[in-house]
Amino acid sequence: MNPVHSPAQNALEDAAELFRKTRRVVVLTGAGFSTPSGIPDFRSEGTGLWSRDEPLEAASLNTFRRSPQTFFHWFRPLARQIFEAQPNAAHRALADFERAGHAITIATQNIDGLHHKAGSTRVIELHGTIRSLSCTQCFKQYEATPFLKPFIEQGTVPLCANCNGILKPDVILFGEQLPQAAWFDAQKETRQADLMIVAGSSLEVLPVAGLPMQAVDRGAHLIVINNTPTYINVRADVVIMDDVAAVIPDIINRAIHG
Ligand SMILES: [Zn+2]
């Protein structure tokens, strides 16, 4: 063991220094940000729900329209995991950074609402959210909590009190467009950021994967924290191949107190 400085230590300090200097930071978070909270990356082959029932089919808009029961059957175990999950140390660290008075926007590909639970207030949910549902017939929107428990425990399909239509979670299914307002918002924030963080995302899902490139092309600094390489690592100021919960609290702690 080298007792002085390992490269990893230098990377943490370099990242902390960029956090200290930033005036406006956008943090792009993906499935890897929530896996330490026990939520499987359901898009990754070989893990969790992906391999079990062909989720591309089950989690598609087509399936939802044709056979909502098929969708809800697939969605139920995921909904339970999300309902029971708590923010991890990385979620809490980003909320701490905001509370310390910094301008931080989180653009997330996750639907679990854990950034909100941790206390972050500026969160753009690019793939929608499990926190609300909308009627497929009259479009009335509902807060999800009252529907979640009966759905998770008994499999009760959520119905509209207004018209008895089936309620669809406000998450983006395969075959659906990103929520337009969220997407515009994320692009606007990206244009204004002087620092972009990619955290727990392998940047495999377009168009969100293009945001970090837009940021660096405009001269923003870039930090990538992910277990596996991403296409944009070659453009990053700092690359840390590790678990977000293992390194982000340390980086934020150094940035705030260091
Ligand atoms: Zn309705």
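This is a predicted model: local features need pLDDT of at least 70, side-chain atom pairs count only at pLDDT 80 or more; totals for chains, interfaces and linings use all residues.
Who are the donors? They are the SG atoms of Cys-135, Cys-138, Cys-160 and Cys-163, which coordinate the zinc ion at 2.3 Å. If you look for these residues in the sequence, their spacing reads C-x2-C-x21-C-x2-C.

## Buried or partly exposed?

Let's look at two of these cysteines, starting with Cys-160. Its relative accessibility is 3%, and because buried means under 20%, Cys-160 counts as buried. Cys-163 has a relative accessibility of 32%, so Cys-163 counts as partly exposed.

Now find helix α10, which runs through residues 180-192. At 1.5 Å a residue, its 13 residues should span 18 Å. The C-alpha atoms at its ends are 19 Å apart, which agrees with that expectation.

Which residues of α10 are buried? They are Ala-182, Trp-183, Ala-186, Gln-187, Glu-189 and Thr-190. Looking down the axis of α10, you will see these buried residues fall within an arc of 165°, so they line one face of the helix. On the face turned away from that buried side, α10 carries the exposed residues Gln-180 and Ala-181.

## What the buried face packs against

The buried residues of α10 pack against several strands, namely β1 (25-29), β2 (104-108), β3 (123-125) and β7 (195-199). They also pack against a helix, α11 (211-217).

Methods:
Residues are numbered from 1 along each chain as its sequence is written. Side-chain values use heavy atoms; hydrogens and water are left out. Donors are N, O and S atoms within 2.8 Å of the metal (3.2 Å for Na, K and Ca); water is not among the atoms, so sites may look incomplete. Buried means under 20% relative accessible area, exposed over 50%, partly exposed in between (1.4 Å probe, protein chains only). Helices (H or I, at least four residues) and strands (E, at least two) are DSSP runs, numbered from the N terminus. The expected span of a helix is 1.5 Å times one less than its number of residues. The arc is that of the directions from the helix axis to the C-beta atoms. Contact means heavy atoms within 4.5 Å.
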